[in-house]
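Here is a friendly walk through a protein chain, written for someone who has the model open on the screen.

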Amino acid sequence: MLVVTRYVALISALLLFTTAVDGALARKEWWKTTLVYQIWPRGFQDSDGDGEGDLKGIAIRLDYIEDLKVQTICLSPIYPSPLIDSGYDISNYTDVHPLFGDLDDFDVLVRESHNRGLKVILDIVPNHSSDQHEWFQLSARNVEPYSDYYIWANGDTDDDGNNIPPTNWLSTYSDKDGSAWTWHDGRRQWYYHKFHSSQPDLNLRNERVIEELMNIFDFWLKRNVDGFRINAVPYFFEDEYLRDEPAAGKGAHTFGLSESTALLYRFREHINNWSTNNGTWKFLIAESYDSDANLITYYGNDTHEGIAPFNYKFITHVRNNSDANHIKNILDSWLNLLPRNTSTNWVLSNHDNSRAASRIGLNRVDGLHMLSLLLPGQAYTYYGEEIAMLDAKVPWNRTIDPMGCFRGEKEFERFSRDPARTPMQWNSAKSAGFTMNDTTYLPVHPNYIYRNVEAQLAAKRSNLLTYKRLATLRKLPIFVNGDYEFATLNNKRVLVLKRSLENYPAYIVVINLGIRQERVNLTSIYPDLNAVLRTVVESSNALHVTITVPRDNFILTANAALVLSDDEKKETSEPATSSTPTSNVSDEDPSTIKSTVTTEGAISSSDDTAKKKTSTSSSDHVTPKTGSGTTKKPNDAALYHPSVLNVMINLAISVIGITQILAVT
């Protein structure tokens, strides 16, 4: 009896231990599959009527954000700044710009977000500061220890005695040789700035500067932020010997240097140490448009853990004329590169680029969300993207982005980023519900009258409702841990994504990228699927709807998209029909979603078949399938998930314990 008692006690202790480990590791890696909502604070919600968004305004809208089913909020810069470059010219890294509120407002926002289960991450800019920052003011006067906080150089003079920049390096604002240098009359030297002249680059070879940056991280970590977006990574370092670039502007000595990656590793180590000491795990991501080869090094190496980079393929490579093969190849090529046991992320839009609805197509937004939200890894949504906000036309006299202002009235529209930063469209009231003021910091898009949150929530079908259903669906285990593969059909006009996981029905995303309706036959690539598939989510532009579709013959209208499920419990011999769309979403059980899609009543288009296409994953391991083709797993580490370890340990304990009892008996 004593042995049995000891055995029971041992099992109980180990169960508690493994359960604790399971939970701790899950919390540690919460960010691997998080859905992030990027907020441009100036354009989200005004709380005090000055026409400018602020932190209290964001707090007012937290219920909306929670209802979107996102898990993380990413705030673009909120720090004190002259706002020459919309807050990326920071004059104090450890405070809040009065335009947005104060530190108390920030603390309230974080606390209220956490109360709703939302995480909050901040945009950090280690590359440069504002020329109004105290560090630069002291450095310009040669005050120690700030004299070399920035990159200063003497340059030369020409025959007429004019100062000549030290190198031919270019800024992002000009094509003129040496434009990345500005002469400072007080110090009688040139200072380097990759961006605007008001944004001098920090000297990141100075250990005092690195210590300052680590202290900045600590300041915000102590205020309970959940992580950081690290800005402008490939620009961190320049050639130490200030050599001219062989071709000015190509970045041979000013972009993507290995030291920049090494500094990311230091940031990761510092924040990991903080997390270990404080028992809370933080999310880090690196902003960069570097080469794929360099981006992959961000993940780390055998000796250092790194910081995953943003995956901007949807922004840099996908356009309104991209066909299914092109998109498949772009996704495949990136996923093939990922190091083993790593995850990636999917970004359709951000504050530096045209919105996806304008850049790729308004009618394609739902299909794009099906991809970005149902592919493995993190997903990012830029504010307003959930209602398919479009770029607004901002006239020259309202333009504030220095990228546009610098180019002048004739060219500003080609360079200004303001069109993607206009106020959030909440309703059809004055100023789109963004503010009570008639004047907003940038003009509201005139389509706010009908394209707004309130209208889309009230509609039977809308971009917003489709988004919310997808955001709920992505939490299913199949989308967190499942395998995936791509295929194309109908002469590259139809893109297919399949997600699968043992003991779960398969899910198939089907997107018509063409401008005409397509008759789709999935049997040609997935003959093992059920003959009838259940419709889980349809794009808001799908017509002639039914609740189920035949695997080998259904129709997608132009740019329409579906999420289908190979759910045996739902299979019937004939497709069920419905005269009206349905949209029953259960937050607790996303698999119970029902919807309607196009299946009949259209002229037959191309019925071409294609060989089964296969994808890659965030693991370099390929699992062969029966027949031709392969299926990839998003992360080999999932095979050793803590819960699986828990079961294995418990089973081993049981076997050993029973053996001991029998031996004693």
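## The chain as a whole

Before you start, keep in mind that this is a predicted model. The chain contains 18 helices and 24 strands. Of its 665 residues, 57% count as buried.

## The seven-stranded sheet

Let us begin with an open sheet of seven strands, which has parallel pairing. Reading across, the order is S10-S9-S3-S2-S1-S12-S11. At the edges you will find strand S10 (283-286) and strand S11 (345-347), each of which pairs on one side only. From one strand to the next, the twist averages 20°.

Now zoom in on strand S2 (residues 72-75) and strand S3 (residues 119-124), which pair in the parallel sense over four bridges. Is S3 mostly covered or mostly open? S3 is mostly covered, with five of its six residues buried. Helix H4 (residues 103-115) lies across both S2 and S3, and runs at about 140° to S3. As background for looking at any such strand, side chains in a regular strand alternate between the two faces of the sheet.

## The three-stranded sheet

Another open sheet has three strands in the order S4-S8-S7, with antiparallel pairing. Strand S4 (152-153) and strand S7 (181-184) stand at its edges with a single partner strand each, so one side of each has no neighbour in the sheet.

Strand S8 (residues 189-192) pairs with S7 in the antiparallel sense, over four bridges. To find this pairing on screen, look for Trp-181, whose bridge partner in S8 is Tyr-192.

## Two helix pairs

Two packed helices are described by the angle between their axes and the distance between the axes. For helix H6 (residues 207-221) and helix H7 (residues 258-278), the angle is about 40° and the axes are 11 Å apart. That angle makes H6 oblique to H7, and H6 passes H7 in a right-handed crossing. On the H6 side, the residues in contact are Glu-207, Ile-210, Leu-213, Met-214, Phe-217, Asp-218 and Leu-221. They meet Leu-263, Arg-266, Phe-267, His-270, Ile-271 and Trp-274 in H7. The residues of this contact divide into nine nonpolar, one polar and three charged.

What is the angle between helix H12 (residues 365-374) and helix H16 (residues 463-473)? These helices pack at about 15°, with their axes 10 Å apart. H12 and H16 are therefore roughly parallel to each other, and their crossing is right-handed. From H12, the residues Asp-366, His-369, Met-370, Leu-373 and Leu-374 take part. Their counterparts in H16 are Asn-463, Thr-466, Tyr-467, Leu-470, Ala-471 and Leu-473. Here the contact residues divide into seven nonpolar, three polar and one charged.

Our next stop is Asp-566, in the loop between strand S21 (561-565) and strand S22 (597-598). Is Asp-566 buried or exposed? Asp-566 has a relative accessible area of 13%, and since residues under 20% count as buried, Asp-566 is buried. Leaving aside neighbours within four places in sequence, Asp-566 is in contact with Pro-505, Ala-506, Leu-529, Asn-530 and Leu-533. Its C-alpha atom is 9.8 Å from that of Ser-500, although Asp-566 and Ser-500 are 66 residues apart along the chain.

The other stop is Thr-172, which lies in the loop between strand S6 (163-164) and S7. Thr-172 is partly exposed, with a relative accessible area of 23%. Setting aside neighbours within four places in sequence, Thr-172 is in contact with Lys-194, Phe-195, Met-403 and Arg-407. The C-alpha atoms of Thr-172 and His-196 are separated by 7.5 Å, and these residues are 24 apart along the chain.

Methods. Residues numbered from 1 in each chain as written. Predicted model: local features only at pLDDT ≥ 70, side-chain atom pairs only at ≥ 80, totals over all residues. Heavy atoms only, no water. Pairing = 2+ DSSP bridges. Helix = DSSP H or I, 4+ residues; strand = E, 2+ residues; numbered from the N terminus. Axes fitted to C-alpha atoms, helices over the stretch in contact; angles between N-to-C directions. Parallel < 35°, antiparallel > 145°, perpendicular 65-115°, else oblique. Left-handed = near helix turned anticlockwise from the far one by under 90°. Contact = heavy atoms within 4.5 Å. Nonpolar A, V, L, I, M, F, W, Y, C, P; charged D, E, K, R; others polar. Buried < 20%, exposed > 50% of the residue type's maximum accessible area, 1.4 Å probe, protein only.
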